[in-house]
Amino acid sequence: MKNGALFFLGVFGAIALSWGGVVLASSHQISKIQPYYDTLESQFYPYKQAGIAAEGEQVYKSMGCAACHTQEVRRPGLGYDDLRGWGKRQSVARDYIYESTPPLGELRRGPDLTNFGPRAVKLGLDETHLLTQLYLGSAGMPPYRFLFERQKVIGEPLSTALPINAGPGYQIIPSYHAKALVAYLLSLKQDYVYPEAQPLEPAKEGTN
Amino acid sequence: MTATASTASPVPATADVRPVDTTARGALLLQLTFALLWLLAGGTFALIHSIQLHTPLFFADFSWFTFGRVQAVMETSLLYGWVANAGFAASLWLLGRLGGAPARGVGLTVVATVFWNIGVALAVILLIAGNLTGNALVQLPLGSLPLLLISSAIAASSAVYAWADRRNRETYATQWYAALASFVLPWFLSVALTMLALAPDHGVAETVAATWTGQGLLLLWLAPLALAALYYLYPKATGREVPCYSLAKAGFWLLVVFGPWAGTRELVGGPFPAWIPALGVAASIVLLVHYAIIAVNLGPVIGQFFGRSNALRFGALSVFFYLVLGVAGLVCSLFPLVPWLQFTYVSEARTLLMILGVFAPAMFAAIYFLVPRATGKPWAAQGLITQHFRFWALGVLLIAVGFVGAGLQQSTLFFAPNIQFTQIDPTLKVWLLLTSAGLGLQLIGTVFLLVNLGYQIAPGASTLEGGNS
């Protein structure tokens, strides 16, 4: 190759083409996805995160929770996602239209959290349970003690104190960040089945 | 240039010293020093990250060192600290040597390098403080990006001069790959600044943009830098021509044309329009031809793994992992294997091995070959070079075996719903300990190289004194 201008033009053209073909084209398609209006329920889906849960999402991102937890369910038949009860249907682009940088995650050291809200309800895990787990940690997951404060009990223990032994005369109080994080986790769900998210009927044996 | 050889020797002959060696010596040594210090820092964070995998309580009481933050800092210091600085030096050096002209714009490059490193340090501080972007491989926070973008563009200027000033109009594979890398970094950083940080798209469109950018940097910036060095060193260190060199041009253009489309293969099975990952997989299939050409051109060097030349042994390691990871990138995105390999440590291993198994050994080979030519001094401790190779090669192998073993065991347990998910990670401890051991060995290896480089930089007798440029 002798011609430098042609060389750079070729490189520029090739990469620009893929930038247009992948980044711009997908942005164009995905930006057109609208919330889905269910006429029977007179309700739009998905919900937008609001209030303390929206702040909790920022805590989730800032702590880097997505390094161990995914938030995307793959379709039944592609992996173990449905076997583990993480969701009956696959996640679709519409689930994330209100999110900026959705924390999809790349590694599953911990369970997928896409439908953590309904799952926690089913397991009877309330806010106090989850805050306690966040403070103590569990197998494989470190404790996040810096999201809590160890305070001296003055008079009666506070109603927000965790039900754990913090030493005589002391109590563990969750910070606003801890409460926001738990509120966010409890708000996570993708249970509305959009038309494009209907699970495909598995092919019957012998027909495919 | 043709792919003819001049045999490498530990002490450079005056005839083998090129104008760029003397005119850009200061800039090159500065960039290499920054690069190695970042490798030490990034390697330390990688070790902390790895220890947290098998010992989750490690640094658990510090909000600055959550697993997610350590991962972001590790990735940023390795990619934008180590790879970028070593890449600046390699591009300038290789383009300069092959071009044959004295380096121009060196002062500007030095200033840009200093500002680049201030930018990376700023990014690391912001990440530790919790400003994570969540975009894999492009974790750079908004506060650091403008500085990084401008300084990367200016730092590349010397490489552009070296390309423009070349004495021989005909170019060699090393020059194509080095020029490509110099061009890609500022461009992709501009995409990161505008489309990821300043005006991020909503929903999963941003994930697509981030994946295109991050994977694009691996395929079109990091890998070309390694290939530039390998194409340069192969004829120099073996004394033989690159086999079937006429194919190299096709190998280059296949990477340039199909590489940027291949990154979205990582999104397979996710909440995206199906054509996006499908295009990525299709492009990855075509890229196999690129890997086949590299195997034909540079594959013979793998046979030198047990040889005597340290440059060739590092080269062998790099080519081997480049080919393995090239095929693995496709294999991990194929539907029969996606359920097994996605979201496991195997994907974690692929990124780390691109940096530590492909890029790093290629750069070490280049450093051991080229630094004595710039300083006019032989390496002070030859023994340390051999030890560096041993520690590094064993380290890479342990990292690969540890992560792949952990990933495969993980995937079998994922499919057993009767095993509690949170119980899986603790069972992988033995594999993950291997990875930590590998990263520890590499840190020691890096110190060996730093000791040797320190002697090269220290004032002392140089065969170049007296101005033989």
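Helices (H or I, at least four residues) and strands (E, at least two) are DSSP runs, numbered from the N terminus. By that reading, residues 51–189 of chain A are 31% helix and 7% strand, and the end C-alpha atoms of the span lie 16 Å apart. This is a predicted model, in which local features need pLDDT of at least 70 and side-chain atom pairs count only at pLDDT 80 or more, while totals for chains, interfaces and linings use all residues. Residues are numbered from 1 along each chain as its sequence is written, and chains are lettered from A and ligands numbered from 1 in the order in which they are written.

**Chain A**

- Chain A has five helices and four strands, in the order α-β-β-α-α-α-β-β-α from the N terminus.
- The C-alpha atoms of chain A fill a box of roughly 80 × 55 × 35 Å along the principal axes.
- Of the 208 residues in chain A, 38% are buried (20 or more other C-beta atoms within 10 Å of the residue's own; exposed means 12 or fewer, partly exposed in between, with C-beta atoms placed from the backbone).
- Among contacts in chain A (C-beta atoms, placed from the backbone, within 7 Å) with a separation of 6 or more, 71% join residues 24 or more positions apart.
- The UniProt record, an unreviewed entry, places the feature "domain: Cytochrome c" at residues 51–189 of chain A; such positions are given in the numbering used here, feature names are shortened, and annotations may be inferred rather than shown by experiment.
- A cis peptide bond with omega of about 0° joins Y45(A) and P46(A), and P46(A) lies in the loop between β2 (43–45) and α2 (51–63) of chain A.

**Contact between the chains**

- The contact takes 57 residues from chain A and 63 residues from chain B.
- On the side of chain B that touches chain A, α8(B) gives the largest share, seven residues.
- By class, that side of chain B has 36 nonpolar, 18 polar and nine charged residues (Ala, Val, Leu, Ile, Met, Phe, Trp, Tyr, Cys and Pro count as nonpolar, Asp, Glu, Lys and Arg as charged, and the others, Gly among them, as polar).

**A helix pair in chain B**

- Helices α3 (residues 67–99) and α4 (residues 106–128) of chain B pack at an angle of about 170°, with axes 9 Å apart; axes are lines fitted to C-alpha atoms, for helices over the stretch in contact, and angles run from 0 to 180 degrees between N-to-C directions.
- α3(B) and α4(B) are therefore roughly antiparallel (angles over 145 degrees; under 35 is roughly parallel, 65 to 115 roughly perpendicular and the rest oblique).
- Residues of α3(B) including Y80(B) and F88(B) meet residues of α4(B) including W116(B) and L127(B).
- This contact of α3(B) with α4(B) has twelve nonpolar, five polar and one charged residues.

- F59(B), in the loop between α2 (25–54) and α3 of chain B, has a positive phi of about 60° although it is not a glycine.
- F59(B) is partly exposed, with 18 other C-beta atoms within 10 Å.
- F343(B), in the loop between α12 and α13 of chain B, has a positive phi near 65° and is buried, with 25 C-beta neighbours inside 10 Å.

Technical notes: Contact = placed C-beta atoms within 7 Å.
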